[in-house]
Amino acid sequence: MSHISSKGLYYTIFGTLIAMTVVTVAIARIDLGALNTPVALAIAAFKATLVILFFMGVKYNTPLTKVVAASGFLWLIILFGITMGDYLTRAWIGFPGR
Amino acid sequence: MLQHHFFNMGQQLEASVLGMWVFLVTEVMFFGGLFMAYILYRSMYPDAWLAGSHELNEMLGGINTVVLIFSSLTMALAVRAAQVGSWMGQVVNLILTIIFGTIFLVVKYFEYAAKFEHHLVPGPYFDPARDPAQQLYFSLYFMMTGIHALHMVVGIVLMLIILRMAWKGRFSAEYYGPVEVSGLYWHFVDIVWIFLFPLLYLIGKHH
C-alpha cells in the first residue's frame, strides 16, 4: 500500500501520455476507413491504462482493489454490448417501427 | 490519526482507497450512460456526428488535453511528496494542479462562448441551415463536456481543501490518505477527458 514510485517513472508516464496525444491527433488526419474510431479508442484506452496503473497506483494496490477497479469497466462493456446488440440487430427480423 | 475501527495505518489507507474506487466505479457507470447515448446516436446519425465534430476547435481541445496530463503529473507528484514527507513538494504541486485545472476551465469557457456565437447550442436558436440531427451531437457534446467540467470544479474545490490541510502540515509518510484519495478522483476526471477528446474533437478530421 505504501509503495512510493520514483519521480522518473512519473515523468516517463507523462512523456508517453503527451506523445500518445500527438499520435492520436496525427492519426485522426489519415483516412483509415472504418478503423479511425477503433484506433483512436485503442490509443485512449492505452493512455487510460497508464494513468490507472501508475498515476493512480492500481498496479501496487491489493487484489481486492484491482478487482473493484476492473469491475467498472467490465460493466461498461456489458452495457455497451447488450444495448448495441439489441439496436443493431432489430432490423434483421424486419420488425416494423424499430 | 488512526481511527479506532482499524488495526493499523496500512489497513486504514487500504480501506480508503478501496472505498474511493467503489465510488469511481459508480462514476464510470454515470459517464458510461452518456457514452452509451453517444455510441447509439452516432451509429444512427454518423454524418451529423462528422459535421458536428468539424465545428469543434481541435487546437483548444488538444491544449486542454495536454493541460490535464500536466495536472495529472503534478497530482501524482503531490501524493508522492506527501509519502516522502515533503511539505514544499505537496504545496507546490497542489497549487500547480489547481492552476492547470483552472486553465482547463478558462479554455472551456471560450469554447462554449464560441458555440453560442455560432448558433450551435441545441434549442430554438440552433442554426436552421443545419441538419436537425446535429442537435443530438451538440446536446451530447454539452452534456458530456459540461458534466466533465462540473467534475473539474468539484476537483478544484477538493484540491483547495487538501492544499489547506497540506499547508497546515497534516500529512506525513504515515498519514496521507486524503491526498491519495483526492488524487484518484482527479486522475479519473483526466481519464474521462482522454476519451472525450478523440470521440468529440477528432472524428471528422480525415474527411
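First, the ground rules. The model is predicted: local features need pLDDT of at least 70, side-chain atom pairs count only at pLDDT 80 or more, and totals for chains, interfaces and linings use all residues. Residues are numbered from 1 along each chain as its sequence is written, while chains are lettered from A and ligands numbered from 1 in the order in which they are written.

Start with chain B. It has 6 helices and 0 strands. Helices here are DSSP runs of H or I, at least four residues, and strands are runs of E, at least two, numbered from the N terminus. The C-alpha trace of chain B spans about 65 × 30 × 30 Å along its principal axes. Of its 207 residues, 41% are buried, meaning 20 or more other C-beta atoms, placed from the backbone, lie within 10 Å of the residue's own.

Now the core. A nonpolar core is a set of buried Ala, Val, Leu, Ile, Met, Phe, Trp, Tyr and Cys residues joined through C-beta atoms within 7 Å. The largest one holds 75 residues, and Ala78(B), Val179(B), Val192(B) and Leu196(B) touch the most other members. Helix H6 of chain B, residues 177–201, gives the largest share, 16 residues.

On to the partner. In all, 41 residues of chain A are in contact with 37 of chain B; contact means C-beta atoms, placed from the backbone, within 7 Å. On the chain A side, H3(A) gives the most, with 14 residues.

Note on methods:
A residue is buried if 20 or more other C-beta atoms lie within 10 Å of its own, exposed if 12 or fewer, and partly exposed in between; C-beta atoms are placed from the backbone. Two residues are in contact if their C-beta atoms, placed from the backbone, lie within 7 Å.
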